[in-house]
Amino acid sequence: MNNINYNKENCDKIYWNNFYNNNNITKLNKASDFCIFVINYFEKINIKTIIDCGCGTGRDSYEFNKIYKVDGIDNNGFKPKNDNSCNFYNEDFVNYNKENYDLIYSRFTFHSITNEEHLTFLNSIKVNSYIAIETRSDKNKDEYKFHGNEHYRNYTNIDYLKNLLGNKFDILYIDEKKDFAIFENENPICIRVIAIKKLN
């Protein structure tokens, strides 16, 4: 895991606020491959509400909103435009109340928080809610990164993730490989997992 000796919260807010406000993000407006994967996975499962944790530009929120009631949440200081029933909030997704959501969606945000925050995040999910995570694997930590190394990454070990979820979640799907999140000339090893919170 990464151990970075700076104020992660403040540095990352500045980094992402500058990134979304000062860069051409048109390439980031199309829904991610993980979003499409999740939509297909839940096609025959009855869910109605989704919270997009660390929604960024809102691109996946907007796509989900074609089918579900969606709230996007991110504390980076950049707020996408609300779109019909799709609302966005500048909040901390780790501690945010998730009682009203059937699916908690986390793409490339699980590796943006600490191990302690992982526990807080997972504990905030209600019983019988689903979680869908796509995160960078620790097998990828030394490879090329299109967006550089200027922000915090807590690369995820798959066995750590299985153990973390295993006590309180039933893992329905998990895989680790390349080709999940290709962007420009970067093809990182990522982990995808879908799980459901079970009774303690």
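Predicted model: local features only at pLDDT ≥ 70, side-chain atom pairs only at ≥ 80, totals over all residues.
**Figure 1. The salt bridge between Glu 134 and Arg 192.** The side chains of Glu 134 and Arg 192 form a salt bridge with an N to O distance of 2.6 Å. Because Glu 134 belongs to strand β5 and Arg 192 to strand β7, this pair ties together parts that lie 58 residues apart in sequence. Both Glu 134 and Arg 192 are buried.

**Figure 2. The salt bridge between Arg 136 and Glu 186.** Arg 136 pairs with Glu 186 in a salt bridge whose closest N and O atoms are 2.8 Å apart. Arg 136 lies in strand β5, whereas Glu 186 sits in the loop between β6 (169–177) and β7, so the pair ties together parts that are 50 residues apart in sequence. Arg 136 is buried, with a relative accessible area of 5%, and Glu 186 is buried as well, with a value of 4%.

**Figure 3. The salt bridge between Lys 66 and Glu 63.** The closest N and O atoms of Lys 66 and Glu 63 are 3.1 Å apart in this salt bridge. Lys 66 counts as exposed, at 64% relative accessibility, while Glu 63 is partly exposed, with a relative accessible area of 21%.

**Figure 4. The largest nonpolar core.** This core comprises 22 residues, of which Cys 53, Phe 93, Ile 104, Phe 121, Leu 122, Ile 131 and Phe 169 touch the most other members. At least two core residues come from each of β1 (49–53), α4 (115–123), β5 (130–136), α5 (158–166) and β7 (190–197), and α5 gives the most, with four residues. A second, separate core of 20 residues includes Ala 31, Phe 34, Ile 39 and Ile 50.

**Figure 5. The surroundings of Ile 104.** Leaving aside residues up to four places away in sequence, Ile 104 touches Ile 51, Cys 53, Lys 98, Phe 121, Ile 125, Ser 129, Tyr 130, Ile 131 and Ala 132. Among these contacts, Cys 53, Phe 121 and Ile 131 are also listed with Ile 104 as residues that touch the most other members of the largest nonpolar core.

**Figure 6. Cysteines without disulfides.** With a disulfide taken as a pair of cysteine sulfur atoms within 2.5 Å, the count comes to zero. The cysteine sulfur closest to that of Cys 55 belongs to Cys 86 and lies 8.0 Å away, which is too far for a bond. Cys 55 is buried, with a relative accessible area of 8%, and Cys 190 is buried at 0%.

Key:
Residues numbered from 1 in each chain as written. Heavy atoms only, no water. Buried < 20%, exposed > 50% of the residue type's maximum accessible area, 1.4 Å probe, protein only. Core = buried A, V, L, I, M, F, W, Y, C linked by side-chain atoms within 4.5 Å. Contact = heavy atoms within 4.5 Å. Salt bridge = Lys/Arg side-chain N within 4 Å of Asp/Glu carboxyl O.
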